Amino acid sequence: MYRYACYRVGDRDTAREIIHELYLRFLTIDIGKVRNLRCYLYRSLSNACTQQLRTTQRQNLIDLNAIEQLKAEELQPTDFSEEQALIEKLLATLAEEQREVIRLHLHCNCTFAEIAEILEIPLPTAKSRYRYGIDHLRNELHKQGVI
């Protein structure tokens, strides 16, 4: 959950605060009524991250040509911060719906069924958003000669 929050909000301290607030909120609910706790936690975390991004206006839109503007040293990150920046630049070229599915699948190890439940979308939609997003990134990186 922490890793997912870090990638969503782009800041470790903010991610910790969001998770801390979520756990405090969970103390006040009846978890016995929750059908799928993992999906409930990630949906809550996703909503909290989205709210944080809205309030801080941190969601920077990147031009679709952003991949072309990446420098060689940016394509080989040496630490968490550089890796996070590169991933966010690449993901920012996608539609938000695709970004969210990719984050949940890769960073949180959620199955497509869990992603569908978390995002409240049909299972085929979750799968296609992932596939189209990954295909787009692969094609753009291939055009740039990165892969």
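Buried means under 20% relative accessible area, exposed over 50%, and partly exposed in between, computed with a 1.4 Å probe on protein chains only. The model is predicted: local features need pLDDT of at least 70, side-chain atom pairs count only at pLDDT 80 or more, and totals for chains, interfaces and linings use all residues. Residues are numbered from 1 along each chain as its sequence is written, and side-chain values use heavy atoms, with hydrogens and water left out.

**View 1. R99 in helix α5.**
R99 sits in helix α5, residues 96-108. Helices are DSSP runs (H or I, at least four residues), numbered from the N terminus. Is R99 buried or exposed? With a relative accessibility of 9%, R99 is classed as buried. Its side chain makes a contact with the backbone oxygen of L94, at 3.2 Å.

**View 2. The E96 and R99 pair.**
E96 and R99 form a salt bridge, 3.4 Å from N to O. The term requires a side-chain nitrogen of Lys or Arg within 4 Å of a carboxyl oxygen of Asp or Glu. Side chains of opposite charge can pair when their charged atoms come close. About one helical turn separates E96 from R99, because they are three residues apart in helix α5. E96 is partly exposed, at 26% relative accessibility.

**View 3. R38 and E114, a link between helices.**
Ten salt bridges are found in a search of the whole structure. One of them joins R38 to E114, with the closest N and O atoms 3.1 Å apart. R38 belongs to helix α3 (residues 37-56) and E114 to helix α6 (residues 112-119), so this pair ties together parts that are 76 residues apart in sequence. R38 is partly exposed at 30% relative accessibility. E114 is buried at 16%.

**View 4. R131 and D135 in helix α7.**
Which residue meets the side chain of R131 in a salt bridge? The partner is D135, at 4.0 Å from N to O. Both lie in helix α7 (residues 123-143), four residues apart, so about one helical turn separates R131 and D135. R131 is partly exposed, with 44% relative accessibility. D135 is also partly exposed, with a relative accessible area of 27%.

Conventions: Helix = DSSP H or I, 4+ residues; strand = E, 2+ residues; numbered from the N terminus. Polar contact = N/O pair within 3.5 Å; in protein donor to acceptor, adjacent residues only side chain to side chain.
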